[in-house]
Amino acid sequence: MSLTPDQQNELTACFQTFDMDQDGSLSVQECAMAMRSLGYDLPDNQVGQCTLQQFLGLAAQHIVVTDRGPKLQQALLCFDSQGSGWVPVNQLEYALQQFGERFSPQEFAAFKADCQPQQEQINAAQAAARLTFK
């Protein structure tokens, strides 16, 4: 599986965080901690000392490939009563703070700023793209 640029950036940042001695490689323990921080609790025989490229390859093997963007956009469009492709900020804020993986007020404020609302409306496609990599 090939990684998206956003995934590569996130994984590289993770690698650099756990490369305690900054020698460009992770020890077995560092690699295991890094993988656990990403939500992958791998058996010992799958974790080893690795370079950044090896770490990216290991992580790529465990990333579940699902394109949630179209489904999220479809769900967001339920709030689009005008059929314009835009969702009222207040309705989106309510939904994101009440359902599923709930946003904190701070998370929603950052999300809203990223989406650059116009006239208190957020573009559903743009919002879905941002939500797929929360």
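Let me start in a loop. E120 sits between α6 and β4. Please keep in mind that this is a predicted model.

What does the backbone do at E120? Its phi is positive, near 60°, and E120 is a residue other than glycine. Q119 is not a glycine either, yet its phi is positive, at about 50°. As background, most residues other than glycine have a negative phi.

How exposed are these two residues? Q119 is exposed, with a relative accessible area of 79%. E120 is partly exposed, at 48% relative accessibility. The cut-off for exposed is over 50%, so E120 at 48% falls in the partly exposed class.

Stay with E120 for its side chain. Which residue does E120 pair with in a salt bridge? The partner is K112. The closest N and O atoms are 3.9 Å apart. The cut-off for a salt bridge is 4 Å, so this pair counts. The count for the model comes to one salt bridge. K112 is partly exposed too, with a relative accessible area of 26%. In general terms, side chains of opposite charge can pair when their charged atoms come close.

Now α6 itself. Which residues of α6 are buried? They are F108, F111 and C115. These three cover an arc of only 60° around the axis, which puts them on the same side of α6. Turn to the face away from that buried side, and you find the exposed residues Q106 and A113. What covers the buried residues? The cover includes α5, β4 and α7. Just after α6, Q116 takes a positive phi of about 50°.

Next, the rings. How many aromatic pairs does the model have? The count is four. I will show two. In F103 and F111, the ring centres are 5.6 Å apart and the planes meet at 75°, so this pair is edge-to-face. F103 and F111 are both buried. The second pair is F108 with F111, and it is tilted. Here the centres are 6.0 Å apart, with 50° between the planes. F108 and F111 both belong to helix α6, three residues apart, about one turn of the helix. F108 is buried, as is F111. Taken together, ring pairs link F103, F108 and F111 into a cluster.

Go across to α5, residues 89–98. Its buried residues are V89, L92, A95, L96 and Q97. What do they pack against? Just after α5, G100 has a positive phi of about 60°.

On to the cores. In soluble globular proteins, nonpolar side chains tend to be buried together. How many residues does the largest nonpolar core have here? It has 19. Those with the most contacts inside it are L3, L11, L26, C31, A34, M35 and F55. The elements giving two or more residues to this core are α1 (5–18), α2 (28–37) and α3 (52–62). Which helix gives the most? That is α3, with five residues. Take A34 as a close-up. Leaving aside residues up to four places away in sequence, A34 touches C14, F18, L26 and F55.

There is also a second, separate core, of 14 residues. It includes V87, F103, F111 and A124.

Two glutamines to finish. Q7 lies in helix α1. Is Q7 buried or exposed? At 14% relative accessibility, Q7 counts as buried. What does the side chain of Q7 reach? It reaches the backbone nitrogen of T4, at 2.8 Å.

Q53 is in helix α3. At 59% relative accessibility, Q53 counts as exposed. Compare Q53 with F15. They are 38 residues apart in sequence, and 9.9 Å apart in space, C-alpha to C-alpha.

That is my tour. Questions, please.

Methods. Residues numbered from 1 in each chain as written. Predicted model: local features only at pLDDT ≥ 70, side-chain atom pairs only at ≥ 80, totals over all residues. Heavy atoms only, no water. Core = buried A, V, L, I, M, F, W, Y, C linked by side-chain atoms within 4.5 Å. Buried < 20%, exposed > 50% of the residue type's maximum accessible area, 1.4 Å probe, protein only. Helix = DSSP H or I, 4+ residues; strand = E, 2+ residues; numbered from the N terminus. Contact = heavy atoms within 4.5 Å. Polar contact = N/O pair within 3.5 Å; in protein donor to acceptor, adjacent residues only side chain to side chain. Phe/Tyr/Trp six-rings, centres within 6.5 Å; stacked < 30°, edge-to-face > 60°. Arc of directions from axis to C-beta.
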